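Please work through the following exercises with the sequence and the coordinates at hand. Each task is followed by a worked solution.

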Amino acid sequence: MQSQNIDLIRTLFQSRLATLEHLLESAQTHFYDDESFLQKRIVADMLPFGTQIAFTCNQPYNFALWCNGKPANNLDPDVIDLTQAYEHIANTKELLLGVNAEDAKLAEVTRIDLGQSLYVELSGNAYVNEFLIPNFYFHLVTAYDILRMAGVPIGKRDYMLHLVPLIRKNEA
């Protein structure tokens, strides 16, 4: 397994945010700019697509804040228009670019407030690997699934967009 460092984590988040943006653009094209798709959800008790965008962005957003010694600050989950959805992604990418932390940050213990007076303390590595990355992928996949269910013509290639530049063809 490759050793983890701040730059690798930032790069992972940046490339997957590009995937999220691509999915949003695909939905916008499919629905001809009808923004109501932001309210689509898989089932009634799950949060809508727009909220999935905010929750996907929250993970790298809070990673960047944490790296820079600032407290977590989740984005507005009530994403009601495309402008706000794109701003969440752009603002998160921009914040990631400003990360200025040493890899030693990954050894620090951090406290995550879970609400209702609950919290967990984790090392920086555990915070990234056990909290941020699983939550990031959960919400990214949920966003993808909502769009698939809604008929947006996307597939695994759209989800694995970060690998597309690496694809090669065997020469016969």
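The model is predicted, so local features need pLDDT of at least 70 and side-chain atom pairs count only at pLDDT 80 or more, while totals for chains, interfaces and linings use all residues. Residues are numbered from 1 along each chain as its sequence is written, and side-chain values use heavy atoms, with hydrogens and water left out.

**Exercise 1.** Determine how helix 1 and helix 3 are oriented to each other, and describe their contact.

Solution. Helices are DSSP runs (H or I, at least four residues), numbered from the N terminus. Axes are lines fitted to C-alpha atoms over the stretch in contact, and angles run from 0 to 180 degrees between N-to-C directions. The axes of helix 1 (residues 6–30) and helix 3 (residues 82–97) come within 10 Å and cross at roughly 165°. The two helices are therefore roughly antiparallel; the cut-offs are under 35 degrees for roughly parallel, over 145 for roughly antiparallel, 65 to 115 for roughly perpendicular, and oblique for the rest. Their crossing is left-handed, meaning that the near helix is turned anticlockwise from the far one by less than a right angle. Contact (heavy atoms within 4.5 Å) involves, among others, Phe13, Leu17 and Leu24 of helix 1 and Ala85, Ile89 and Leu96 of helix 3. By class, the residues of this contact are 11 nonpolar, 3 polar and 4 charged. Here Ala, Val, Leu, Ile, Met, Phe, Trp, Tyr, Cys and Pro count as nonpolar, Asp, Glu, Lys and Arg as charged, and the others, Gly among them, as polar.

**Exercise 2.** Carry out the analysis for helix 2 and helix 3.

Solution. Helix 2 (residues 49–67) packs on helix 3 at an angle of about 20°, with the axes 9 Å apart. That makes helix 2 roughly parallel to helix 3. The crossing is left-handed. The contact includes Ile53, Cys57 and Phe63 from helix 2 and His88, Thr92 and Leu95 from helix 3. It has 12 nonpolar, 2 polar and no charged residues.

**Exercise 3.** Are Gln52 and Met46 buried or exposed, and what does each touch?

Solution. The classes are buried (under 20% relative accessible area), exposed (over 50%) and partly exposed in between, with a 1.4 Å probe and protein chains only. Gln52 is found in helix 2 and is buried, its relative accessible area being 3%. Leaving aside neighbours within four places in sequence, Gln52 is in contact with Leu47, His139, Thr142, Ala143 and Ile146. Met46 is placed in the loop between helix 1 and helix 2, and its 25% relative accessibility makes it partly exposed. Not counting residues up to four places away in sequence, Met46 touches Arg41 and Thr142.

**Exercise 4.** Classify the aromatic pairs in which Trp66 takes part with Phe63 and with Tyr127.

Solution. Rings of Phe, Tyr and Trp (its six-membered ring) pair if their centres lie within 6.5 Å; planes under 30 degrees apart count as stacked, over 60 as edge-to-face and the rest as tilted. By this rule there are 9 aromatic pairs. Phe63 and Trp66 form a tilted pair, with 6.2 Å centre to centre and 40° between the planes. Both lie in helix 2, 3 residues apart, about one turn of the helix. The rings of Trp66 and Tyr127 have centres 5.2 Å apart and planes at 65°, so this pair is edge-to-face. Trp66 lies in helix 2 and Tyr127 in helix 4 (residues 124–149), so the pair ties together parts 61 residues apart in sequence. Trp66 and Tyr127 are both buried.
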